[in-house]
Every structure is written in structure tokens, then in C-alpha cells.
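Hi there,

Here is the structure I promised to pass on. Please have a look at it first, and then read my notes below.

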Amino acid sequence: MDDRVLLFFQSFPRERRLDWASLLRRVFQFDVLRCISCDGRMRVIAFIEDGHVSTRILEHLGLTARVPAARPARAPPPLPPGSEAKPVFDDPGADRDPEPDPDYPVD
Ligand SMILES: [Zn+2]
């Protein structure tokens, strides 16, 4: 790599991104990579994109392969009578603070 290109990339810190499991743990406070049987760490060994293959695997395991019907999101709950509260929306920029590295190896 050209030294000037390398210097360019080094002058901008790489944006830190959380992996999908960390995001799920952060939002739902549930560690999807913790084995419920032995409390050990699980790891992704494959992504199955072919629907026929995933259906065959799920049916072989005795699990349903049927996708639940999509439903529209519910409306927000009504405000109490006399309330002057305003709806609050998350600011996606406010949630971009880096977190410490996870305590398990990341590939
Ligand atoms: Zn286990």
C-alpha cells in the first residue's frame, strides 16, 4: 500500500461498530450466544440463506418452519387525560458511543 494511502487511513480512527450479538444483548438484555444448557459460549458456524435447506433442518429437528404472519405495529399508548407530555423518539446518534470489547473472543 502506498505510504500516503496508509497515512490517510491511519489519520481517521476506524469507526467502532458493535456486532449483532452485542446489539441484541444491549437492546433486549439477553445474551443470544450464551448456551442455555451449559452456560458456555456459542459461535456462529454457518449462515443458511436457502429457505428450503433451513426448512428441512427445522422440520428434522421437530421445529416449526412456518413464518408468522406480519402484523402492523400497534399505535403508541394514549396519554393520560390532561397530560402535556410530548412523544419522545430515540436519537440514533446518541447511541453510537463505543462500548468496551466483549469478554469473549471475536473472530
Ligand atoms: Zn452448551
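Helices here are DSSP runs of H or I with at least four residues and strands are runs of E with at least two, numbered from the N terminus.

Two notes on the basis: this is a predicted model, where local features need pLDDT of at least 70, side-chain atom pairs count only at pLDDT 80 or more, and totals for chains, interfaces and linings use all residues. Residues are numbered from 1 along each chain as its sequence is written.

Burial comes next. A residue is buried if 20 or more other C-beta atoms lie within 10 Å of its own, exposed if 12 or fewer, and partly exposed in between, with C-beta atoms placed from the backbone. Of the 107 residues, 0% count as buried.

Neither is a glycine, yet phi is positive in both: about 50° for Gln29 and near 65° for Asp39. Gln29 counts as exposed because it has 7 C-beta neighbours inside 10 Å, and Asp39 is exposed with 7 such neighbours. After α3 comes Gly62, with a positive phi near 75°.

Finally, Tyr104 lies in the segment after α3 (51-60). Tyr104 is partly exposed, because 13 other C-beta atoms are within 10 Å. Its C-alpha atom is separated by 7.9 Å from that of Arg41, 63 residues apart along the chain.

Best wishes
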